[in-house]
Amino acid sequence: MRRIRNMVRGFTLIEVLIVLAVIAALLAIVTPIALDAVAQAKAAQVAANFRNIRAAVEAYFYTTGATPNDLNDLVSKGYLSSAPQKFSINIVDTTSDATITIKIHSTETADATRVRQFLPEVIGTSGDMTLYATVVKWK
């Protein structure tokens, strides 16, 4: 039996391929989980924006006695720190002596089903979600 003294040891092609296969399998498992977490976080953010706008509209009405024309009114008076992108408000019904109905609309592309997990009152589909807020008039 003859030995080569200066032989360099390294990984064989099979060993490298096995390591690459294990890494690919781990990525195949982790990637969908990470993407799901991103979608869940986006839905939570949209639900939080709906809640914050509703609370700001209520506070605006109770302190000023008027309804805001748009989100910029809420920002300029300090009820919101900034206007969320892809959100708008409209006064829907002021005919009642007891309540005012306000429509908060979003064109955000978050999954509507996930948004409803955080805020069940939201209606519509992804890219077209609406929350109706009723503000009670105090006499």
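**Helix, sheet and core**

A: The buried residues of α1 pack against α2, β1, β2, α3 and β4. Please keep in mind that this is a predicted model.

Q: Which residues of α1 are buried?
A: In α1, the buried residues are Ala43, Val46, Ala47, Asn49, Phe50, Ile53, Ala56, Val57, Tyr60 and Phe61.

Q: And does the span of α1 agree or disagree with its 52 residues?
A: The span agrees: at 1.5 Å a residue, the 52 residues of α1 should span 76 Å, and the end C-alpha atoms are 75 Å apart.

Q: Which residue has a positive phi although it is not a glycine?
A: That residue is Lys86, with a positive phi of about 65 degrees. Most residues other than glycine have a negative phi. Lys86 is found in the loop between α2 and β1.

Q: Is Lys86 buried or partly exposed?
A: Lys86 has a relative accessible area of 45%, so it is partly exposed.

Q: Moving on to the core. Which residues touch the most other members of the largest nonpolar core?
A: This core has 26 residues, and those that touch the most other members are Phe50, Ile53, Leu74, Ile89, Ile104, Val115 and Met129.

Q: Which elements give two or more residues to this core?
A: They are α1 (13-64), α2 (71-76), β1 (87-93), β2 (99-106), α3 (112-118) and β4 (128-136). The largest share comes from α1, which gives nine residues. In soluble globular proteins, nonpolar side chains tend to be buried together.

Q: What is Leu74 in contact with?
A: Leaving aside neighbours within four places in sequence, Leu74 is in contact with Ala56, Val57, Tyr60, Pro68, Tyr79, Leu80 and Ile89.

Q: How many aromatic pairs are found in the whole structure?
A: A search of the whole structure finds three aromatic pairs. In one of them, the ring centres of Phe50 and Phe87 are 5.1 Å apart and the planes stand at 75 degrees, so the pair is edge-to-face.

Q: Which parts does the pair of Phe50 and Phe87 tie together?
A: Phe50 lies in helix α1 and Phe87 in strand β1, so the pair ties together parts that are 37 residues apart in sequence. Both Phe50 and Phe87 are buried.

Q: What about Phe61 and Tyr62?
A: Phe61 and Tyr62 also form an edge-to-face aromatic pair, with 5.8 Å from centre to centre and 65 degrees between the planes. Phe61 has 12% relative accessibility and counts as buried, whereas Tyr62, at 39%, counts as partly exposed.

Q: Now the sheet. In what order do the four strands stand?
A: The four strands form an open sheet in the order β1-β2-β4-β3, and the pairing is antiparallel. β1 and β3 (123-125) stand at the edges with a single partner strand each, so one side of each is left without a neighbour in the sheet. On average, neighbouring strands are turned by 20 degrees against each other, direction ignored.

Q: Where does α1 touch the sheet?
A: α1 packs on the sheet and touches β1, β2 and β4; the direction of α1 makes about 30 degrees with that of β4.

Q: How many bridges join β1 to β2?
A: Six bridges join these antiparallel strands. β1 and β2 form a hairpin with five residues between them. Across the pairing, Ile89 stands opposite Ile104, and Asp93 stands opposite Thr101.

Q: Is Thr101 buried or exposed?
A: Thr101 counts as buried, at 17% relative accessibility. Not counting residues up to four places away in sequence, Thr101 touches Asn90, Ile91, Val92, Asp93, Tyr132, Ala133 and Thr134.

Definitions and conventions
Residues are numbered from 1 along each chain as its sequence is written. This is a predicted model: local features need pLDDT of at least 70, side-chain atom pairs count only at pLDDT 80 or more; totals for chains, interfaces and linings use all residues. Side-chain values use heavy atoms; hydrogens and water are left out. A nonpolar core is a set of buried Ala, Val, Leu, Ile, Met, Phe, Trp, Tyr and Cys residues joined through side-chain atoms within 4.5 Å. Buried means under 20% relative accessible area, exposed over 50%, partly exposed in between (1.4 Å probe, protein chains only). Contact means heavy atoms within 4.5 Å. Rings of Phe, Tyr and Trp (its six-membered ring) pair if their centres lie within 6.5 Å; planes under 30 degrees apart count as stacked, over 60 as edge-to-face and the rest as tilted. Two strands pair if DSSP finds at least two bridges between them. Axes are lines fitted to C-alpha atoms, for helices over the stretch in contact, and angles run from 0 to 180 degrees between N-to-C directions. The expected span of a helix is 1.5 Å times one less than its number of residues.
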